[in-house]
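Colleague: I would like to learn how to read helices, cores and backbone features in a model. Can we go through them one at a time?

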Amino acid sequence: MDFSELEAIEGLRWSWHSWPVSKSEVASLVVPLSVMCTPLMPFSELPILPYEPLNCSQCAAVLNPYSRVDYVSRIWTCAFCYRKNPFPKSYAHIHENNIPAELFPTYSTVEYHFSKGGSGPGLGLCSSSGPVLGRRENGQLGLRSNSSSFSSAAPYSGSGLGSERVGSVVGPAFVFVVDACTSDEELGALKRELLHVISLLPENVSVGLVVFDSMVRVYDLGFADCLKVVVFHGEREVSSEKVKLFLGLHHMTRTLGKLSAAQSRGFLLPISECEFNFTTAIEDLHSSTEVRPGHRPVRSMGVAISVAVGLLEGLLINTGSRVMVFTSGPATVGPGIIVNSDFCDAIRTHRDLNNGYASYYRKSTKFYKKMSQRLSDSSIILDLFACSLDQVGAAELKIPVESSGGFMMLGESFDSEQFRKCLRHLFTHDDDGNLKMFFDATIELVTTNDVKICGALGPCVSMRRKNNSVNDKEIGEGGTYIWKLGTLTSKTCIVFLFEVANEQNVQPSSAFFLQFITRYRYSNMGLRKRVTTAARRWVGKNSPEIASGFDQEAAASVMAKLAIHRTENSFAEDVIRWLDKMLIRFSAKFGDYVPEDPSTFRLSTNFSLYPQFMYYLRRSQFIDVFNSTPDETAYFRLMLNREGVVNSLIMVQPTLFQYSFDGPPIPVILDICSISPDVILLFDSFFYVVIHYGSKIAQWRKLRYDRDPSHESFKKLLEAPELDAEQLVTERIPVPKLVKCDQHSSQARFLLAKLNPSVTQKSEYTDGTDIIFTDDVSLQVFIEHLQALAVQG
């Protein structure tokens, strides 16, 4: 079974494709029952239906291909709760040869586009030749059944970008929060990029500007005579109510997608009305870096973010907005403080966090955790663009950024290609001129009665809504069947974890169903709902279908996300012990061996790579934080938690390709033995892309043999990895760091740190090959210890 091909159809990756009916048998699987869902995965064919979905009156499941339909009595039976539901009048002409698209057997996923006011214009129908769009005539639904595959409802290719027209409805809102303590050179580069982004925004987008140093200034963009600001003290925590009061927003009434008269005060205006004033305010920004010798600049970033969020809360924009923070250093005053301004006080390290010496960490984390709830309640996204050679407080900001689905970038300079690409990527447009952004999203999960929901891992927040399908045991964001997401992309992936019910009334080989209902708002404020329905089978105890349905790549990704979830409340050593314990139990369960004889231990091909993934996970920067700052660790874990199977596995076990004169590039093992003087290696760990030149290749390059026409093959050899690396860097967001290094150079550490140390300083026979100076055990030794422990029973 090719699980990646199945993912391309469903947008789902299952750790186990067949589930045992017994709860004890599920516990013995070790790897939990889980599904990795990419809600907005692009499909080659996705039917777009311009009307609202038809829901079951009991469990709220959407009509799907697994529903049983009685065409004579116009009744459909829900596959989840077996409730019989009548079809509405708009389905009056449905029959076996003319069915709606949501019932077509090949469409496990459909997407509904509808206006905010109510039902859409018609019903998408399927004939025996394919789906066709119907339209209303004289209040009745006109149905057609012909040989064309699609009429108006053409197959959809992409990530759900339609062209709904919403007239004068106001678009999303962006509040730019700029650090005025940035140096003149860096601030100049930031200003250029902000002005470039503003020039590309659609006219219905609203913008606001907040600038901070020791004080926080909110710009009134509607005041034309001069630059007018409202100033907040940078050392005092400001509540949402006080922000509304000071900005004059406390008397506003709730509106949905429309600006009220009170917004003419000018703190947030459509770009069409304030572009000149906004541009003037940006151009007038100057660095306020006059600080005392031996001190850091005085930054009040926590207050600035709180004021920006309060501004959006006061304007009651609940259709989606972003607070985008641009900073070049840590907060040194006020709530959310990271470190004192005095350089005598070093910024916190992992050792400080573990020993309790980070005096501000817990208080600041608590402050930002409260803010994450405010963000969720108002559908606000928090983005962090940090360009600094030092830490900026990303570890404290991780909770609100991750829970709101925001973007985080840690770079070195605002004048870098990395920053430009990341910022411009967020503001890309579709063919209709709308921003490719999604706001105010929720994911609802409907299950059959015998499946219980434990929780979710990823950029989401539990809405604490319970029904009979919610399990008492919570993992991650649990205690609910609906989750809130501030935003999501076509690559955002959420892990859902399940358990079976205590009392199972099902028989092996019977089917169970899961339905994922993703509701979101596009940047033109059009509402959309994507529905994915999947079915799998229950199996009996020790059924061979359990082993054949194991997806070791998805399982490794799920365990990696569970491991970093555990690191929030446990030390890294405890997490490693937990991973080792789980792996030993897993190997003992699914290995073939003679008890007490390690030499007989074997794992079938369905399981053989799983121990290798766990080995590299134990050594990864997600668990072993020795060589990382708290900010870097927070960033790495945030990215792993939102990526799908392919990218998360690249983070855990990077890829390595070899380029040589012998032929085209080939994948090689992630081992020190893969380094050779006469080859070039291309290493991809998601965050870093390394081109490693062997010593002979580097020497020939320095002698400029590639410029000699008689050495054309050498020139092509040098170009090949650079072209592939450039493609990786161009296609990936956030942009990875590209490192070019020679064998035995200092930069080669980016590669050596990830290689399996099969040859170390303790090895007896090195045969002149490279060695790694480390006390870590090699993969071979790790597997030998695993085999010895697994066969003990």
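Modeller: Start with helix α10, residues 417-426, where F419, C422, L423 and L426 are buried. Buried means under 20% relative accessible area, exposed means over 50%, and partly exposed lies in between (1.4 Å probe, protein chains only). Helices (H or I, at least four residues) and strands (E, at least two) are DSSP runs, numbered from the N terminus.

Colleague: On which side of α10 are these residues, and why?

Modeller: They cover an arc of only 90° around the axis, which puts them on the same side of α10. The arc is taken from the directions that run from the helix axis to the C-beta atoms. The general idea is simple: an α-helix has 3.6 residues a turn, so residues three or four places apart point the same way.

Colleague: What covers the buried residues of α10?

Modeller: The cover includes α3 (184-200), β19 (321-327), β20 (380-387) and β21 (408-411). Contact here means heavy atoms within 4.5 Å.

Colleague: What are the ground rules for these values?

Modeller: This is a predicted model, so local features need pLDDT of at least 70 and side-chain atom pairs count only at pLDDT 80 or more, while totals for chains, interfaces and linings use all residues. Residues are numbered from 1 along each chain as its sequence is written, and side-chain values use heavy atoms, with hydrogens and water left out.

Colleague: How do I read two packed helices?

Modeller: Two packed helices are described by the angle between their axes and the distance between the axes. Axes are lines fitted to C-alpha atoms, for helices over the stretch in contact, and angles run from 0 to 180 degrees between N-to-C directions. Take α3 and helix α5 (residues 271-283): their axes come within 11 Å and cross at roughly 170°. That makes α3 roughly antiparallel to α5. Angles under 35 degrees count as roughly parallel, over 145 as roughly antiparallel, 65 to 115 as roughly perpendicular and the rest as oblique.

Colleague: Which residues make the contact between α3 and α5?

Modeller: From α3 come K191, L194, L195, I198 and S199. From α5 come I271, E275, F278, T279, I282 and E283.

Colleague: How do α17 and α18 lie to each other?

Modeller: Helix α17 (residues 695-702) and helix α18 (residues 712-731) have axes that come within 12 Å and cross at roughly 115°. The two are therefore roughly perpendicular to each other. I697, W700 and R701 of α17 meet F714, L717 and L718 of α18. Q699 also belongs to α17. With 48% relative accessibility, Q699 counts as partly exposed.

Colleague: Next, cores. What is the general idea?

Modeller: In soluble globular proteins, nonpolar side chains tend to be buried together. A nonpolar core is a set of buried Ala, Val, Leu, Ile, Met, Phe, Trp, Tyr and Cys residues joined through side-chain atoms within 4.5 Å. The largest one here has 150 residues, and W16, W19, F496, F498 and Y610 touch the most other members. Apart from it lies another core, of 55 residues, among them L194, L221, C387 and F407.

Colleague: What does F498 touch?

Modeller: Its contacts include W19, L33, V35, L445, V451, I453 and L514, not counting residues up to four places away in sequence.

Colleague: How enclosed is helix α14?

Modeller: Eight of the ten residues of α14 (residues 610-619) are buried, so it is largely enclosed by the rest of the structure. Among the buried ones are Y610, F613, Y616 and R619. Their cover includes α12, α13 (572-590), α16 (645-652) and α20 (779-790). In α12 (residues 552-566) sits S557. S557 counts as buried, at 2% relative accessibility. Beyond four places in sequence, S557 is in contact with M36, G644, V645, S648 and L649.

Colleague: Last, the backbone. Which peptide bond is cis?

Modeller: The bond from I733 to P734 is cis, with omega near 0°. P734 lies in the loop between α18 and β35 (737-742).

Colleague: Where is phi positive in a residue other than glycine?

Modeller: S509 is one case, with phi near 80°. S509 is in the loop between β26 (494-500) and β27 (511-522). R704 also has a positive phi, of about 60°. R704 lies in the loop between α17 and α18.
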